[in-house]
Amino acid sequence: MANLENALRELRTERKQAQLQVERLDQAISVIESLDGSGTSRHPNQPKRIISAASRRKMALAQKARWVKARKESQAATAGSVHKKGHTMSASSRRKIAAAQRARWAKIRAGNKKAA
C-alpha cells in the first residue's frame with residue numbers, strides 16, 4: 001500500500017512540473033509571436049476592429065442601395081425575356097391536332113383491349 005501511495009505522489013509531482021513547463025513554453029511562444037507581430041490574440045471572440053454606429057449606418061444604406069440596383073437590373077433582364085402573346089393557332093390546325101390525338105388514344109385503347 002505504501003508503495004502505491006508513493007508512486008501516486010511521485011506521479012502527481014511530475015504532473016505539476018509538466019504543467020508548469022507547458023505554461024512556461026506557452027509564455028515564451030506568446031512573447032516571440034508578439035515580437036513578430038504575427039501572434040494570435042488571447043481574446044478570439046473580441047472583434048478586431050470597432051466600427052462606429054454612424055459608419056455601420058452608412059454601410060447598411062450602401063448595401064441597401066446595391067440591393068435596389070441589383071433588383072432593378074434583374075427585373076429589366078426578366079422583362080425582356082418574357083414570352084409575348086401572339087402565336088395563336090388557327091382553328092383548323094387545332095382540329096387537326098385534336099383529331100390526331102384522338103386517333104392515338106384510340107390506338108392505345110385498342111391495344112389494351114387485345115391484351116385483356
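Is serine 90 buried, partly exposed or exposed, and what is its relative accessible area?

1. Serine 90 is partly exposed, at a relative accessible area of 37%. Here buried denotes under 20% relative accessible area, exposed over 50%, and partly exposed the range in between (1.4 Å probe, protein chains only).

2. The model is predicted: local features need pLDDT of at least 70, side-chain atom pairs count only at pLDDT 80 or more, and totals for chains, interfaces and linings use all residues. Residues are numbered from 1 along each chain as its sequence is written, and side-chain values use heavy atoms, with hydrogens and water left out.

3. The protein chain has three helices and zero strands, in the order α-α-α from the N terminus. Helices (H or I, at least four residues) and strands (E, at least two) are DSSP runs, numbered from the N terminus.

4. Of the chain's 116 residues, 0% count as buried. The chain exposes about 11,600 Å² (Shrake-Rupley method, 1.4 Å probe), and carbon and sulfur atoms supply 58% of that area.

5. Serine 90 belongs to the loop between α2 (53-81) and α3 (91-115). Its side chain forms a polar contact of 3.3 Å with that of serine 92 and one of 2.9 Å with that of serine 93. A polar contact is a pair of N or O atoms within 3.5 Å; within protein, one must be able to donate a hydrogen and the other to accept it, and residues adjacent in sequence count only if both atoms are side-chain atoms.
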